[in-house]
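Please read it alongside the sequence and the structure shown here.

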Amino acid sequence: MSSHNNESKNMMLVVRPLSLAVALAMSSLAHADDAGQSAAAASAADSAPVQVEKVVVTANKRAQNLQDVPMAITVLNDATLQRNNVRGMDDLPSLSPALTMSYGTQPANFSINMRGIGTFSLGIGVEADVAVVVDDVPYAMQANAFKDLADVARIEVLKGPQSTMLGKSSIAGAVNISTKPIEAGWKGRASTYLSNDGEWRASAALSGALSDTVRMRLSASKSDFEGVVKNLADGSHLNGQRNSSVNAKLEWNPSDNLQVVLTPRAANFVNNCCVSPFNSMTPGGLYQNIASLPASVLLKGINPGPGNVSVRNDYPAGGKAEDRGTGLKLVYNFDDDSILAKHSFTSVSSWSHYKMSDFQDGDATDSDVLSATLVNGKPSGFSGGLYQYGKFDVRSKTQEFRLTSPEKTSLRYVAGLFYADNRLGRELTRAPITTYVTDWASTAYNTNYAVFGQANYDLSAQTSVLLGLRYNKEDIGYTFSRYNPPPATSRVMTEYLQGDNSETKATGKIGLEHRLDAATMGYVTYSTGHKGMAYDLTSSFTGAVAKTQPVPGEDARNIEAGLKLSLLDNRMALDLAAFRTTFTGFQQSAGFYDPDGTFRTTLHSIGALRTSGIEADLNWRVSRPLSVNGAFAYTKAVITDFENGPCYSVLNAAGTAAVPGGNCAINPKFNNTAVQNMSGKTMPNAPKFKLNLGGQYDIVTGRSYDAFVTAAYRWQSATQFNLNQDPMTEQGAFGIFNLGAGIKDRADGFKLSFMVNNLFNKSYAVGLANNWANGTWSSRAPNSVLAVNTTSWTPARDYQRYFAVRADMAF
């Protein structure tokens, strides 16, 4: 009866807001019917030529037509983001095949991968390979990107090394985000979204002029999704998100030459992720080989089979974070009679503070496992289970100055200076038994000084050359403090380590572009990239490890050739690119299990790897009512030099223990440890083929509102999730189809959308794990122990079909 009441209550929580959303939209519809003048204006627009919309990007730090930029870029505009209900960074791989996301136990362990390349690391002393830049300001830590993408107007996915213009953390690419501009007249907008599986979002924005020289925009958003994993311990859900944010934009134009824009922001977000339910387990499992702790009791109600989304956790999961910051942008346009006529000078300053507390259940049960556990042959004396908690603290300051030449000259350039100071802190505690416990705190800093520039020079009306150069100096350092771990009542430092280093590096870009005709541009570019040295500041960090630090930096060399085509009387834009990028000294963390089941990681420096392939981006206005967008990528990301790669395990013949499997073997060159020569192996989470295709068909009703139908399909080939190439962590190919329909006001007053996502109910994971001879589980106590194997999966947000409604209103 209680369960039925809870289900009814949950249903009402969804139905009532859904009804409100529909009512608001219908109210807007009634109002729109009287908007004859606006409808007439819309009808006039209907007589305009049918063409794809001109796309302006800022990938090179100046506004350019996408079709004039010699670079592979996927652009996601506001209409595309809305049509596909993009909420956060996790949704972007559905629209940009060059992107994938790798997930860890909390957002600081997540990785954005571009063309199969992305650093997975657990430490604050390692930079990302893909930069995230918002309104010219880079995030100091990639984890800050995994929140709602609030008030976004455009996202540019920049593929390949971007170190020359964007510097640190962009050796594989960048995600360049532009927020919405201030509207010309006072305008208010609101949006709400609700799904039948418990997700809701609401946002509102107001913008306009406060005076002749001052304008403002204020936006706020809030969202909640309980998650797709069911926690049987307390009836809650996991692997969801809660977000709230406020963003402001204040613009002052004291003269025709000067513009000042202040952009403060604040956000709170909770990712109660990233729990991976068991989807298989050898029958007869016993926790720590203790007969009184069988899996049938500890995992009561859980069926570890395909599709299982139930767990039993008695400790929180994921991370709870907050972000505070502001940007200040000044643009001065020089007078026509000055020595820098038609040039502009830009200053971009930023300050940010990101904090996160993270949590993890260490035993994946809600039972009193320690009451039956022996430590050194004696009762442990503790009650409860294993747990982990920690915190991150990241403070960042940046300053950039740049001079931009006018566009309509034979020589066009951007030159600038850049400074960034990033201070990162990390604390971690695991408790309470000695084989699991740790307690430490670390700090890391990186300070960057750079001078950069990039220029295009027209050799003729059809041909131009491109040259870019960046010289960067980076200072880095760390401290590491280890403490006597719980259950000690007082915290006493037992080890203290520190270090610092510095390096300088130059990166560059050279290219040639040629316009075959007004509709066709071809280009070829060669670029280099660099990412700085790294410290492996994790639980495994010791004085011995410190002597091997820092891990060398990464270097990349990329060659790319492409075509930018405007076809069918400018109704289709088709961009094609072929690329080949080599990386040396690639930094990657790989995990392994101790015999007692403790999971540990080590930061590897992979000798060399290569990613190559072809890409296509399509924007097609088939007819006035039908528009189509899509993208395709063939990516071959492989390791070319890594003799001492991590191993995966298999059971021995007796079924009692794990032994190295596959190509793993004892190698005297590496201290007689089991290693795997991984030359020719694929990078993790790098499917060879990915594509997406979406579109919208507008249906004219003859009234002040029209109807529309939307559809989107994406497909990707098989994916290996583990660097060690474990065959049990490979996912087969799959495709997802979404369908939608709705009505919209021709005068932009409202839009009401209904959607069904994952229409054919295709289940898939965003992560797979395999543990041969899991040290935590065994069987046949107290007789000879047989190994128990477990596999787990992280179900995707849309691993099953769900329905949603969205209402967008303007006033």
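The side chains of Asn456 and Arg62 are joined by a polar contact of 3.4 Å, a polar contact being a pair of N or O atoms within 3.5 Å in which, within protein, one must be able to donate a hydrogen and the other to accept it, while residues adjacent in sequence count only if both atoms are side-chain atoms. The model is a predicted one, in which local features need pLDDT of at least 70 and side-chain atom pairs count only at pLDDT 80 or more, whereas totals for chains, interfaces and linings use all residues. Residues are numbered from 1 along each chain as its sequence is written, and side-chain values use heavy atoms, with hydrogens and water left out.

Asn456 is placed in strand S26 (residues 438–458); strands (E, at least two residues) and helices (H or I, at least four) are DSSP runs numbered from the N terminus. Asn456 counts as buried because its relative accessibility is 5%, where buried means under 20% relative accessible area, exposed over 50%, and partly exposed in between (1.4 Å probe, protein chains only). Leaving aside neighbours within four places in sequence, the residues in contact with Asn456 include Arg62, Leu411 and Glu513, contact meaning heavy atoms within 4.5 Å.

Leu411, in strand S25 (residues 411–431), is partly exposed, with a relative accessible area of 40%. Leu411 also belongs to a nonpolar surface patch, whose other members include Tyr457, Leu512 and Tyr526, with about 820 Å² of accessible area together. Such patches are made of residues with over 30% relative accessible area and no salt bridge, like charges being joined within 9 Å and nonpolar side chains (Val, Leu, Ile, Met, Phe, Trp, Tyr) within 5 Å; accessible areas come from the Shrake-Rupley method with a 1.4 Å probe, and for residues only the protein chains shown count as cover.

Strand S25 pairs in the antiparallel sense with strand S24 (residues 387–404) over 18 bridges, and with S26, also antiparallel, over 20 bridges; two strands pair if DSSP finds at least two bridges between them. A hairpin of six residues connects S24 to S25. Thr398 has Ala420 in S25 as its bridge partner, while Asp421 stands opposite Thr447 in S26.

Lys509 lies in strand S28 and, at 10% relative accessibility, counts as buried. Lys509 and Arg470 are 39 residues apart in sequence, with their C-alpha atoms 9.1 Å apart in space.

Across the whole structure, a search finds 43 salt bridges, each a side-chain nitrogen of Lys or Arg within 4 Å of a carboxyl oxygen of Asp or Glu. Among them are the following pairs.

| Salt bridge | N to O distance |
|---|---|
| Arg217 and Glu183 | 4.0 Å |
| Glu322 and Lys355 | 3.6 Å |
| Arg426 and Asp358 | 2.6 Å |

Arg426 lies in strand S25 and Asp358 in strand S21, so this pair ties together parts that are 68 residues apart in sequence; both Arg426 and Asp358 are buried. Glu322 is partly exposed at 27% relative accessible area, and Lys355 is partly exposed at 32%. A network of salt bridges links Arg87, Asp148, Asp197, Glu199, Arg201 and Arg797.
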